[in-house]
Amino acid sequence: MLADATTRSGGTATASPLAVATELVVAVPAAVPVAPLVPVAPTGFTARCTRALLSPWSRLSLLLVLLAGAASTVLLFHPQRLLSNGWPPQLGGAMAALVFAGAYGLCSVAFVPRPLLNLAAGAVFGSQLGTVSALAGTVLGAGISFGLGRVLGQDALRPLLRGRWLKAADGQLSRHGFRSMMAARLFPGLPFWGVNYCAAVSRMRWMPFLLATALGSIPNTAAYVVAGARASSPTSPAFLIAMACIALPALGGAVVAWRKRHHLRDH
């Protein structure tokens with residue numbers, strides 16, 4: 001075929017470029033198809049144990065063990081002794097308030113009632129520094145609970161959100177995170193730890209959760225701190241105002257819940 005495609009000029013044969021290209025194409029063998037590489041999951045006892053330990057229910061079990069251990073530790077050490085014994089004398093000023101905020105956060109994760117911690121902050125540090133320390137501890141404890149619930153509990157608990165009320169609460173927290181969390185912090189009677197873990201199971205983002213917690217916790221926290229700071233003079237105007245700020249929102253929340261009971265039952 002190459003000889004047919006040549007031209008003779010002065011005894012020299014010159015191949016046509018088209019013929020050379022055709023010959024090269026014919027000479028190159030066809031490419032052999034290669035099957036795509038499929039990743040193979042690791043097998044064996046170690047791999048199975050790793051998958052089991054990282055499964056959603058294993059992480060949820062770890063969360064429950066951590067919370068049970070924290071609650072048991074609190075029952076053994078009785079942090080309420082701060083109200084009677086006072087803060088260690090070797091700590092003072094801003095450093096003491098910082099340490100107290102850290103202890104406050106850890107105790108709130110371990111289900112210690114926040115009113116008790118707020119009263120302790122007021123009794124130990126007074127109204128101003130006590131309020132700042134208690135708010136810092138509140139945000140810290142909420143962030144720890146939210147992180148634990150998000151990492152260890154969300155994957156296992158989200159498939160269980162099948163009830164009508166649970167789906168409604170999840171949708172409200174996921175779509176309107178800041179507004180919902182502000183309402184939850186301002187509304188008295190809702191358990192602090194319960195709100196934290198409900199928010200963690202939802203799709204609420206970190207920043208709306210922490211910001212709403214900080215702002216929404218100011219009124220109630222300040223009222224309890226002032227009450228703790230003025231507990232030695234229960235007839236003082238500051239103590240009476242603080243108790244009113246505690247009692248009136250609780251009464252208002254009870255009235256709103258009573259009036260909305262039929263609405264909640266219907267929906």
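1. A polar contact is a pair of N or O atoms within 3.5 Å; within protein, one must be able to donate a hydrogen and the other to accept it, and residues adjacent in sequence count only if both atoms are side-chain atoms. S174 supplies an example: a polar atom of its side chain lies 3.1 Å from the backbone nitrogen of R203.

2. This is a predicted model, where local features need pLDDT of at least 70, side-chain atom pairs count only at pLDDT 80 or more, and totals for chains, interfaces and linings use all residues. Residues are numbered from 1 along each chain as its sequence is written, and side-chain values use heavy atoms, with hydrogens and water left out.

3. S174 sits in helix α8, residues 164-175 (helices are DSSP runs of H or I, at least four residues, numbered from the N terminus). Setting aside residues up to four places away in sequence, S174 touches S202, R203 and M204 (contact: heavy atoms within 4.5 Å). S174 and M204 are 30 residues apart in sequence, yet 4.8 Å apart C-alpha to C-alpha.

4. T221 belongs to helix α12. T221 is buried because its relative accessibility is 0%. Beyond its neighbours within four places in sequence, T221 is in contact with R114, N118, A134, L135 and T138.

Technical notes. Helices (H or I, at least four residues) and strands (E, at least two) are DSSP runs, numbered from the N terminus. Buried means under 20% relative accessible area, exposed over 50%, partly exposed in between (1.4 Å probe, protein chains only).
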